[in-house]
Amino acid sequence: MNDYELNLRKDFPILNDDYAYLDNAATSQKPLSVINAVEEYYRTSNANPLRGIYDLSVSATEKYESARLSVKKFINASKKAEIVFTRNATESVNLVAYSYGMSFINEGDEIIVSILEHHSNMLPWQNVAKAKNATLKYLYCDENGVINPSDLEELITDKTALVAITQVSNVIGRTNDIKAFAKIAHEHGAVILCDGAQSVPHMKVDVTDLDVDFLAFSGHKMLAPMGIGVLYGKSELLKKMPPFLYGGEMIESVTVDGATFARIPTKFEAGTVNVGGAVGLEAAINYINNITMDEIVKRENELTEYAINQMRDINHLTVIGSDDPYNHHGIITFDIDDCHPHDVADILGGLGVDVRAGHHCAQPLLKHIGHPVTTRASIAFYNVREDIDRFIDALKGVRRTLGYGE
Amino acid sequence: MENKTIYTEIITDHNVDPYHKHELEGANLILEGVNPSCGDDITLSLKVEDDVVVDGAYQGVGCAISQASADIMLDLVIGKTKEQALRLSELFLNMIRSEITDDELEELEEAGLLKDIAHNPSRTKCAVLGWRTLREMFGVEFEYEEE
């Protein structure tokens with residue numbers, strides 16, 4: 001470890017030399033600056049925001065809106081009102097499905113969902129298709145997880161109302177050319193929802209450049225606390241969408257007969273909001289900006305390359321997806337012959353290597369690529385070569401531990 | 001760091017070179033048991049005559065724990081009466097819940113080696129798969145415990 005890495009690791013109190021945390025695609029660890037910002041908020045600024053007239057409530061409101069502004073800049077949205085705070089990416093997708101989907105997708109329309117999707121960007125669309133008698137069409141990838149824009153061009157029709165696709169697959173790690181997909185969707189009059197859960201923490205995502213209509217992501221995968229997420233939506237769409245949840249804060253005025261609703265984004269933020277989470281997310285964005293996304297990308301690519309190059313030399317081990325480590329975004333999903341992923345993850349866990357095993361909430365994808373269950377290691381910029389060394393050493397012993405000789 | 005001890009040679013032998021993983025001619029009780037979330041899938045075949053398990057076998061795929069546990073179970077129950085087999089399966093489930101005496105543990109013989117799986121809740125369903133399938137074959141519905 002060099003000095004830079006030693007200092008970097010000191011920012012994350014949970015990290016130590018007893019284990020290698022390689023489950024970053026599931027959730028990231030949190031730097032002290034995030035932990036302190038949340039604590040500081042509850043120590044000095046906590047009150048119910050938006051409605052209070054007194055100083056503390058005003059301060060809580062300011063912090064919440066400051067976080068919104070930071071998110072807006074981070075993903076280069078054109079307006080602050082286009083940033084809706086949710087619990088997580090799953091809730092963001094459900095918001096679009098229940099509000100936009102149930103109102104603007106009609107019988108006979110088509111919804112296109114890529115086979116790469118996490119269940120959270122698939123099940124809401126199965127539900128809308130069923131409820132509205134719309135047709136659900138799947139956009140399939142090849143065995144390396146690649147979907148080309150021409151594949152969408154072939155599938156899409158003028159009946160397509162919405163395209164739901166992830167920017168980076170949580171299993172294969174490959175990036176989809178969202179800008180090209182958005183252009184094709186718009187040419188056919190469809191809107192596009194992009195799942196940014198695995199991309200926003202690991203690469204520069206610019207919603208204006210991509211020209212997506214919706215982007216969903218979670219704070220907890222990008223150094224922020226659990227329980228805060230984001231839905232970006234173009235304002236002209238958010239404005240015409242009905243509320244998702246009804247209740248406090250999201251109204252303008254209420255009578256016994258009905259209500260008029262607040263402007264966006266408040267219309268979509270019913271109930272007391274998660275200011276502490278938003279403050280944590282802003283601190284996370286500041287942390288990322290401070291070390292720079294370029295540095296994050298560089299470190300994650302180098303570590304992925306370092307890992308995959310060694311994994312290639314291990315007999316009976318297959319890395320799923322691209323041969324090019326730079327096409328993985330830190331996500332390395334693999335199979336070891338004869339060894340069930342739960343055994344692999346159990347053995348690795350016993351050696352202080354934390355990885356994920358199973359279907360990664362993407363059962364249709366795993367079935368499509370012919371690996372129903374797999375093991376996944378996922379890297380973050382705060383990992384170091386020592387983590388990878390520990391991982392590789394542990395991998396080399398798995399077959400022996402399970403009684404298969406070498 | 002020491003690795004966990006669950007993958008002892010006896011356990012891995014039962015997985016790599018199982019004694020009872022084959023088709024069973026003359027089986028009169030056949031049932032498939034599945035753990036949908038992880039893909040463990042075994043089909044248990046028994047030949048039961050006059051309430052005695054005269055022979056048994058299994059086929060399937062899954063993690064080493066699920067497969068070895070089924071193999072060990074068959075070692076234990078072949079030749080036993082239905083009542084004895086059910087009692088052993090109950091002891092096994094008790095062991096997984098950490099509710100077993102040392103004497104009872106001895107009755108489980110090699111199956112007792114899976115005792116420590118109790119500390120890893122995500123793996124207990126692997127160890128239990130064969131045993132709960134056996135119980136279902138004998139008409140005892142498996143009840144998932146809600147915590």
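This is a predicted model: local features need pLDDT of at least 70, side-chain atom pairs count only at pLDDT 80 or more; totals for chains, interfaces and linings use all residues.
The contact draws on 17 residues of chain B and 16 residues of chain A. The size of an interface is often expressed as the accessible area that is lost when the parts come together. Between them, chain B and chain A bury about 1,400 Å², of which 53% lies on carbon and sulfur atoms. Two salt bridges are found across the interface of the two chains; in one between B:Arg123 and A:Asp343, the closest N and O atoms are 2.9 Å apart. Six residue pairs in polar contact, both residues being at pLDDT 80 or more, are also found across the interface of chain B and chain A. On the side of chain B that touches chain A, α1 (9-16) and α2 (64-77) of chain B each supply at least two residues, and α1(B) gives the most, with three residues. Sorted by class, this side of chain B comprises seven nonpolar, six polar and four charged residues.

Rolling a probe the size of a water molecule over the atoms shows where empty space is left. A search of the whole structure finds four cavities of 30 Å³ or more, and the largest cavity has a volume of about 70 Å³. The largest cavity is lined by 13 residues, of which A:Pro201, A:His202, A:Lys221, A:Leu223 and A:Phe381 are the closest to its centre. By class, the lining of the largest cavity consists of eight nonpolar, three polar and two charged residues.

Definitions and conventions
Residues are numbered from 1 along each chain as its sequence is written. Chains are lettered from A and ligands numbered from 1 in the order in which they are written. Side-chain values use heavy atoms; hydrogens and water are left out. Contact means heavy atoms within 4.5 Å. Buried area is the accessible area (1.4 Å probe) that two parts lose on being put together, summed over both. A salt bridge is a side-chain nitrogen of Lys or Arg within 4 Å of a carboxyl oxygen of Asp or Glu. A polar contact is a pair of N or O atoms within 3.5 Å; within protein, one must be able to donate a hydrogen and the other to accept it, and residues adjacent in sequence count only if both atoms are side-chain atoms. Helices (H or I, at least four residues) and strands (E, at least two) are DSSP runs, numbered from the N terminus. Ala, Val, Leu, Ile, Met, Phe, Trp, Tyr, Cys and Pro count as nonpolar, Asp, Glu, Lys and Arg as charged, and the others, Gly among them, as polar. On a 1 Å grid over the protein atoms alone, a cavity is a set of points where a 1.4 Å probe fits but cannot get out, and a pocket is an open set with protein on both sides within 12 Å along at least five of seven lines; lining residues have an atom within 4 Å of a point. Grid points are joined across faces, edges and corners, and a volume is the space filled by probe spheres set on the points.
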